[in-house]
Amino acid sequence: TNTIDTIMKNLDTLFVSKGTPVILGEFGAMYKPHEKNLEERAAWAEYYVRAAKEVGIPCCWWDNGAFEGDGELFGLIDRETYEWKFEAVVEGLMQGLE
C-alpha cells in the first residue's frame with residue numbers, strides 16, 4: 001500500500017464512512033524544471049484523484065501561478081493568457097475522474 005492509498009483509507013475510515021464530508025482543498029505535484037518531471041506529475045495527479053474519487057472525496061489542485069524560480073512551482077494555467085502550461089497534468093487529473 002502506498003502513501004496515497006493509506007491517506008485515502010484513513011480519511012474514509014475516520015470521516016467519510018461516518019458521514020462527515022471531506023474536501024482535499026490543496027494538493028499538487030511540484031514542477032521540477034531540472035528533472036523534467038512532467039510525465040511523473042501527470043501520473044501522480046491521475047492516481048491521486050482516482051484514489052480520492054474511490055472514497056468519494058473531491059479535490060482542488062493547488063495552482064499558485066508559479067512556473068519559474070526556486071520555490072513551489074504548482075502552476076498549471078497561465079493567468080495572463082488563460083492557457084494550460086502543463087496539459088499532460090490536466091489530462092491526468094481528468095483521467096483520474098473517469
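Student: What should I know about the model before we start?
Tutor: The model is predicted, so local features need pLDDT of at least 70 and side-chain atom pairs count only at pLDDT 80 or more, while totals for chains, interfaces and linings use all residues. Residues are numbered from 1 along each chain as its sequence is written, and side-chain values use heavy atoms, with hydrogens and water left out.

Student: Fine. How many helices and strands does the protein chain have?
Tutor: Three helices and two strands. Helices (H or I, at least four residues) and strands (E, at least two) are DSSP runs, numbered from the N terminus.

Student: In what order do the elements run?
Tutor: From the N terminus on, the order is α-β-α-β-α.

Student: And what does the C-alpha trace span?
Tutor: About 40 × 25 × 25 Å along its principal axes.

Student: What percentage of the residues count as buried?
Tutor: Of the 98 residues in the protein chain, 34% do. Buried means under 20% relative accessible area, exposed over 50%, and partly exposed in between, with a 1.4 Å probe and protein chains only.

Student: Let's go inside. Which residues of the largest nonpolar core touch the most other members?
Tutor: M8, L24, I57, W61, L76 and L93, out of 21 residues in that core. A nonpolar core is a set of buried Ala, Val, Leu, Ile, Met, Phe, Trp, Tyr and Cys residues joined through side-chain atoms within 4.5 Å.

Student: Which elements give two or more residues to this core?
Tutor: α1 (3-14), β1, α2 and α3 (87-97). The largest share, five residues, comes from α2.

Student: Pick L24. What is L24 in contact with?
Tutor: Leaving aside neighbours within four places in sequence, L24 is in contact with M8, L11, Y48, A52, I57, P58, C59 and C60. Contact means heavy atoms within 4.5 Å.

Student: Now α3. Which residues are buried there?
Tutor: V89, V90, G92, L93 and G96 are buried in α3. Seen down the helix axis, the buried residues of α3 fall within an arc of 155 degrees, so they line one face. The arc is that of the directions from the helix axis to the C-beta atoms.

Student: Why can residues three or four places apart point the same way in a helix?
Tutor: An α-helix has 3.6 residues a turn, so residues at that spacing point the same way.

Student: And what covers the buried residues of α3?
Tutor: The cover includes β1, α2 and β2 (59-61).

Student: New topic: Y31. Where is Y31?
Tutor: In the loop between β1 (24-27) and α2 (38-54). Y31 counts as partly exposed because its relative accessibility is 21%.

Student: Which residues does Y31 contact?
Tutor: Beyond its neighbours within four places in sequence, N37, R41, F67, L73 and F86. Y31 and A66 are 35 residues apart along the chain, and their C-alpha atoms are separated by 9.1 Å.

Student: K36 is in that loop too. What is phi of K36?
Tutor: Near 50 degrees, a positive value in a residue other than glycine. K36 is exposed, with a relative accessible area of 70%.

Student: What about phi of Y82?
Tutor: Y82 also has a positive phi, of about 60 degrees, although it is not a glycine. Y82 is in the loop between β2 and α3. Its relative accessible area is 65%, so Y82 is exposed.

Student: And D70, buried or exposed?
Tutor: D70 counts as exposed, at 83% relative accessibility. D70 is found in the loop between β2 and α3. D70 and K32 are 38 residues apart in sequence and 9.0 Å apart in space, C-alpha to C-alpha.
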